[in-house]
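Hello,

Here is the structure I promised to pass on to you. Please open it next to this email, and my notes follow below.

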Amino acid sequence: MTAATHPAGAASAGESLRRWRELRRLSQLELSLRAEVSTRHLSFVETGRSRPSREMVLRLADPLDLPLRERNRLLLAAGYAPAYPETALAAPRLGAVRAAVRRVLVGHEPYPAAVIDRGWHLVDANDSLTVLTERVTPDLLAGRVNVLRVSLHPDGLAPHIANLAEWRGHLLHRLARQVELTGDGELAALEEELRGYPGDGRDRPAERPGPDEIVVPLRLRHDGGELCFLSTVATFGTPLDVTVAELSIESFYPADERTAAVLRERAPGHPSGVRS
């Protein structure tokens, strides 16, 4: 495979490896044991005294649990071409991926579901997602939609979330964990932006889940009542393409019968309150 040079001013492979190792809170000894390389060689790589082979870069990336995008960047820093393609989702090559995602979305009706990318941008959704977006200011739904911004912005879904402090804390924790995993500057900037948004207006710590709750629910004020959702996140199990690896499907399920009934009533072609 043809070697590639990393951009001028970018961190070297050794510097990047050291940064990732420290981010993962591993000593050189711990990483060398997990990667089955000598501590001496790892030290030489980190200090730039030894140029790692392409195989060594990938070998060290495994115990560091690097996402595919970061593995490609590390390879570039070491002077090698990326190992994992990044294919546009609309490309013919990903036709089976698009079809699988669409089947999941349609099959989840009449419950809401959305597909998001690494940066929390909306990629696709089913028709039932409108129950979560119909009260959002149109400006937040124009162009490239960021679902976290829509969720927590004061002109978005936030004023309609009954347990905003609890839900906000849940989303920010997920984002902070993603920032830690990827080291992505754009995600870090998004986290800083979202933490600057007002909470629920009561200036108190995030709510603790109630004694009967088994997951953090989304409680949404709706037509004089309240809808309650549980959510799951699905990803592709064995991705070898950056785009596929960074897709996730967030599916919402009714947590009570009233919510299920409201969603059934909203579904086109369904008699009120009756599942066909």
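Helices here are DSSP runs of H or I with at least four residues, strands are DSSP runs of E with at least two, and both are numbered from the N terminus. Helix H10, for example, spans residues 185-195 and is the place of Glu-191. This is a predicted model, in which local features need pLDDT of at least 70 and side-chain atom pairs count only at pLDDT 80 or more, while totals for chains, interfaces and linings use all residues. Residues are numbered from 1 along each chain as its sequence is written, and side-chain values use heavy atoms, with hydrogens and water left out.

First, the overall picture. The chain has 12 helices and five strands. Of its 276 residues, 45% count as buried, where buried means under 20% relative accessible area, exposed means over 50%, and partly exposed is in between (1.4 Å probe, protein chains only). Among contacts (heavy atoms within 4.5 Å) with a separation of 6 or more, 59% are between residues 24 or more positions apart.

Back to Glu-191: with a relative accessible area of 14%, this residue is buried. Leaving out residues up to four places away in sequence, Glu-191 touches Leu-175, Ala-176 and Val-179.

Helix H2 (residues 28-35) has Leu-31, Ser-32 and Ala-35 as its buried residues. They sit on the same side of H2 because they cover an arc of only 100° around the axis, the arc being that of the directions from the helix axis to the C-beta atoms. Leu-33 and Arg-34 are exposed, on the face of H2 turned away from the buried side. The cover over the buried residues of H2 includes helix H1 (13-23), helix H3 (39-47) and helix H4 (54-61). Just after H2, Glu-36 has a positive phi of about 60°.

Within helix H3 you will find Val-45, which counts as buried at 2% relative accessibility. Neighbours within four places in sequence aside, Val-45 is in contact with Gly-14, Leu-17, Ser-50 and Pro-52. Leu-17 is 28 residues from Val-45 along the chain, yet their C-alpha atoms are separated by 8.4 Å.

Then there is a hairpin, formed by S3 and S4 with two residues between them. Strand S3 (residues 218-222) and strand S4 (residues 225-234) run antiparallel and are joined by five bridges; two strands pair if DSSP finds at least two bridges between them. Leu-218 has Phe-229 as its bridge partner in S4. In the turn, Asp-223 has a positive phi of about 50°.

Finally, the largest pocket, which holds about 700 Å³ of space. A pocket is an open set of points on a 1 Å grid over the protein atoms alone, where a 1.4 Å probe fits, with protein on both sides within 12 Å along at least five of seven lines; lining residues have an atom within 4 Å of a point. The volume is the space filled by probe spheres set on the points, which are joined across faces, edges and corners. There are 23 lining residues, and Gln-178, Leu-181, Thr-235, Ala-245 and Glu-246 lie nearest the centre. Helix H5 (68-77) and helix H9 (164-182) are the elements that give two or more residues to this lining, and H9 provides the largest share, five residues.

Best wishes
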